[in-house]
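Here's a quick briefing on a model you can turn around as you read.

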Amino acid sequence: MFNDIGALELVTIVVLAILIFGPEKLPKVIQDVTGVIRKIRAFSDSAKQDIRSELGPEFKDFEFEDLNPKTFIRKQLSENEDLKEIRSSFDLRKELNDVTDAVNSKETDAVTAPAAAASTGGAPAAGADLVKKPAAPAADQRARFDADAT
């Protein structure tokens with residue numbers, strides 16, 4: 001219920017409770033609060049039982065936690081056999097590794113091919129022109145820099 005309360009916040013609450021109620025009344029207040037929490041839980045449990053009995057036997061496996069959208073989706077994804085089959089056949093990590101290996105092999109081929117061609121005196125490999133940078137345009141073909149335009 002209070003999973004997101006840290007130690008510092010808990011200490012702050014205790015110090016405030018001591019300051020507000022005083023050390024004499026604090027045990028009585030704690031007993032009253034725990035009694036109220038117990039009554040609320042009992043009321044909630046009886047309301048859940050009443051709802052389950054009113055829904056009938058076809059909803060005997062109904063859980064109120066399933067009304068939470070995250071829980072509902074998680075349960076539907078884990079119970080659906082078609083989705084399990086699709087998820088097992090599609091491995092995203094394997095696909096990403098295959099693509100990464102393919103890209104890395106093209107880069108290493110493009111880097112090693114010109115060096116190999118220069119050392120052997122032959123033409124570069126066919127994949128080398130894919131990574132080849134275009135030559136810089138001649139000085140007269142370059143666009144002029146216009147300081148007023150910027």
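**The largest pocket and its surroundings**

The lining of the largest pocket has 12 nonpolar residues, one polar and no charged. This is a predicted model, where local features need pLDDT of at least 70, side-chain atom pairs count only at pLDDT 80 or more, and totals for chains, interfaces and linings use all residues. Numbering runs from 1 along each chain as its sequence is written, and side-chain values use heavy atoms, leaving out hydrogens and water.

**Pocket**
- The largest pocket holds about 410 Å³ of space.
- Of its 13 lining residues, I13, V14, A17, I30 and V33 lie nearest the centre.
- On a 1 Å grid over the protein atoms alone, a pocket is an open set of points where a 1.4 Å probe fits, with protein on both sides within 12 Å along at least five of seven lines; lining residues have an atom within 4 Å of a point.

- L16 sits in helix α1, residues 7–55 (a DSSP run of H or I, at least four residues).

**Salt bridges**
- The whole structure has two (a Lys or Arg side-chain nitrogen within 4 Å of an Asp or Glu carboxyl oxygen).
- K28 pairs with D32, with the closest N and O atoms 3.3 Å apart; the two are four residues apart in helix α1, so about one helical turn separates them.
- K94 and D98 meet at 3.6 Å, N to O, and both lie in helix α4 (residues 92–120), four residues apart.

How values were computed:
Points joined across faces, edges and corners; volume = space filled by probe spheres on them. Nonpolar A, V, L, I, M, F, W, Y, C, P; charged D, E, K, R; others polar.
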